[in-house]
Number of protein chains: 2
Amino acid sequence: MRKIDVSNLEDITIGASLLGSGGGGDPYIGKLLAIEAIQDCGPVSLLDPDEVPDDMFIAPFAVMGAPSVLTEKAVGGNEYKTLYDTINTFFGKKIDAIMPLEAGGVNSMFPIAAAARLGLPLIDADGMGRAFPELQMLTFTIGGVNATPMALADEKGNSVLFNTITNKWTEDLARAVTMTCGGSAPIALYCMDGKTLKQYGIKRIVSRSQTLGQAIREIKHGAGTPEENFLKVSGGYKLFRGKITDVLREVRGAFNFGKAILDGLGEYKGQHALIEFQNENLVASVEGEIKATTPDLICLVDTETFIPIPTDAFKYGKRVLVVGLACFKLWRSPKGIELTGPRYFGYDSDYIPIEIRAQGGS
Amino acid sequence: MRKIDVSNLEDITIGASLLGSGGGGDPYIGKLLAIEAIQDCGPVSLLDPDEVPDDMFIAPFAVMGAPSVLTEKAVGGNEYKTLYDTINTFFGKKIDAIMPLEAGGVNSMFPIAAAARLGLPLIDADGMGRAFPELQMLTFTIGGVNATPMALADEKGNSVLFNTITNKWTEDLARAVTMTCGGSAPIALYCMDGKTLKQYGIKRIVSRSQTLGQAIREIKHGAGTPEENFLKVSGGYKLFRGKITDVLREVRGAFNFGKAILDGLGEYKGQHALIEFQNENLVASVEGEIKATTPDLICLVDTETFIPIPTDAFKYGKRVLVVGLACFKLWRSPKGIELTGPRYFGYDSDYIPIEIRAQGGS
């Protein structure tokens, strides 16, 4: 067990943004939420999964919806308590600890804010090891955990509790409510005991985010060029370097859909890359050839600072390095690929692991 | 207290269909639901509001959604118990009695089926005295009663509990879920104590439906012509008689929107009438002049049998009598007109009571 205080947030949010693969929300907004909560209520205890008792009652907290909406439609402040009360009432017992659901600029910070505000510890684990756009895309779904009873609370004071027959139905019903609430809403779901968490959770994701964030912040102090250092600390495969020259985007169904076109720089001069996203980056292609697909992580970072750029911040003129990171192993199982592979999102391509694509493309 | 058995259902369903003002669902489907439940579980005790103790815990049951969907998407059977359990869990006490929310072919029968299946009495009252398309359009809203906690259960086994800041938010969030569930879903809402019911409920609506239904069934035995008899027993104002020559309809937002055009018969020969509806009939015009508007009841009945015709059964060639009935007095209050008057539905017309319009139009 260690404490997370305000001084740790910058690193966690940078690292989580990288793992967010373009999604998970704006890191600046996320950081503000967590800073304010820790300043008001004190540091948060971070529990290593190995320290978690089997019977601990854990509630993952997140914000559902389109990241671009989330940036402008703030969390009101009462949602933490409403989610807490709703879950407690329906389960007939009290939440012992909060956990993130996914990594990302907001979705790694919101659970820290919730833990601070509710005076509960935070578990150093999540259920994606990255961000995905839909609620059924959790390692816990692979493990047969029911996403419901799930609570949703909006900033106006409305709340909803869902009980569904599948985790895809959770997504569908909660998505409809989130859209009606304006496009984003805080949620608590996949409530589980410590034993289940240790079996299917992705362990030490908060610590990993912090280590990554610190390494990115200190990237210019390393032995090689900053880009070499970045690829080393992130374990990423370099897919492209270029300037964003076009962004198409659409907010639909409480998702940000869109694509960005990049003009190559340096050794990629004359080439073009295409990044397609649904909240998160789904497919990266160079000159029409797929270089990486979901569930592997596709991340765009600034070519100077190596700070990750979420999809809602893509804009003309940004110079970016595109890297691919291997996803958590459970996503490469048949069930994992069925849930999050390129075919689920409508791409006519099998999932080929990033390291194999990297060899083929060299 | 008296018993409702299978022999009473025909009359209740005919009368309720008239009060449904075109909405509230198909009477045949409704009757089947109630017949089966009473055959399985025995007759239902009908409690007069005056017999209801002040502290009785009452749950109104209904089916939300587009009537045309409801006719093809059946109630599964487990929804009664799911609604019952969800409400009990959230309120921390057990439902003592079921109540209808509105009058209509399905929505007067579904609560009878629920009462039979759950072994509970039914209260002889509702919150509309007719049918309206949206969940906030209840006399209880005028009385300041919160529609939530509200439960929704679909036939697949999904369920949702809503807590909202206004009854319009209840409508908006529940509508979104109902659409996602396929366009119709059973619900329980406006749970209240006996005291509140007696203050704001529309009393003896089940008995009134039964009396009306019996009178319609025996219409040819009266002293005058069947039409005279019908107008007398219903208290209706004759607005038009004609043949349906065109029906436009659209299922949108889990509502049936549309209009019907009628060619005059008899003394109306050469004239045309227009009936506009959103689940329920909203406005009736003859030769471009408004003859009746919501919240007064606009009802189309067969010219031979005087059986009411719901909006989802409008079709070319049907010969109908159009009648207007005065609505319950609370709907004529400023708050009632704000909730259900023609301007709420987008018509540029003040509400003028049917009896005043009838004088002006004579």
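Mentor: Start with the cover over the buried residues of helix α9 of chain A. That cover includes α1 (6-19), β2 (44-47), β4 (97-100), β6 (125-126), β11 (202-203) and α10 (226-234) of chain A. Helices (H or I, at least four residues) and strands (E, at least two) are DSSP runs, numbered from the N terminus. Covering rests on contact: two residues are in contact if their C-beta atoms, placed from the backbone, lie within 7 Å.

The model is predicted: local features need pLDDT of at least 70, side-chain atom pairs count only at pLDDT 80 or more, and totals for chains, interfaces and linings use all residues. Residues are numbered from 1 along each chain as its sequence is written, while chains are lettered from A and ligands numbered from 1 in the order in which they are written.

Now the helix itself. α9(A) runs over residues 205-217, 13 residues in all. From first C-alpha to last it reaches 18 Å, close to the 18 Å expected at 1.5 Å a residue. The expected span is 1.5 Å times one less than the number of residues. Its buried residues are A:Ile205, A:Val206, A:Ser209, A:Gln210, A:Leu212, A:Gly213, A:Ala215 and A:Ile216. A residue is buried if 20 or more other C-beta atoms lie within 10 Å of its own, exposed if 12 or fewer, and partly exposed in between.

Next, the domains. The assignment, automatic or from a database, gives chain A domain 1 (2-206) and domain 2 (224-360). Across the boundary, 31 residues of domain 1 are in contact with 29 residues of domain 2. On the domain 1 side, α1, α3 (67-72), α6 (139-142) and α7 of chain A each give two or more residues.

α7(A) also matters for the other chain's contacts. Between the chains, 19 residues of chain A are in contact with 19 residues of chain B. α4 (79-91), β8 (159-163) and α7 (167-180) of chain A each supply at least two residues of the side that touches chain B. α7(A) gives the most, with seven residues. β8(A) and β8(B) (residues 159-163) pair in the antiparallel sense over five bridges; strands pair if DSSP finds at least two bridges between them. One bridge joins A:Asn163 to B:Ser159.
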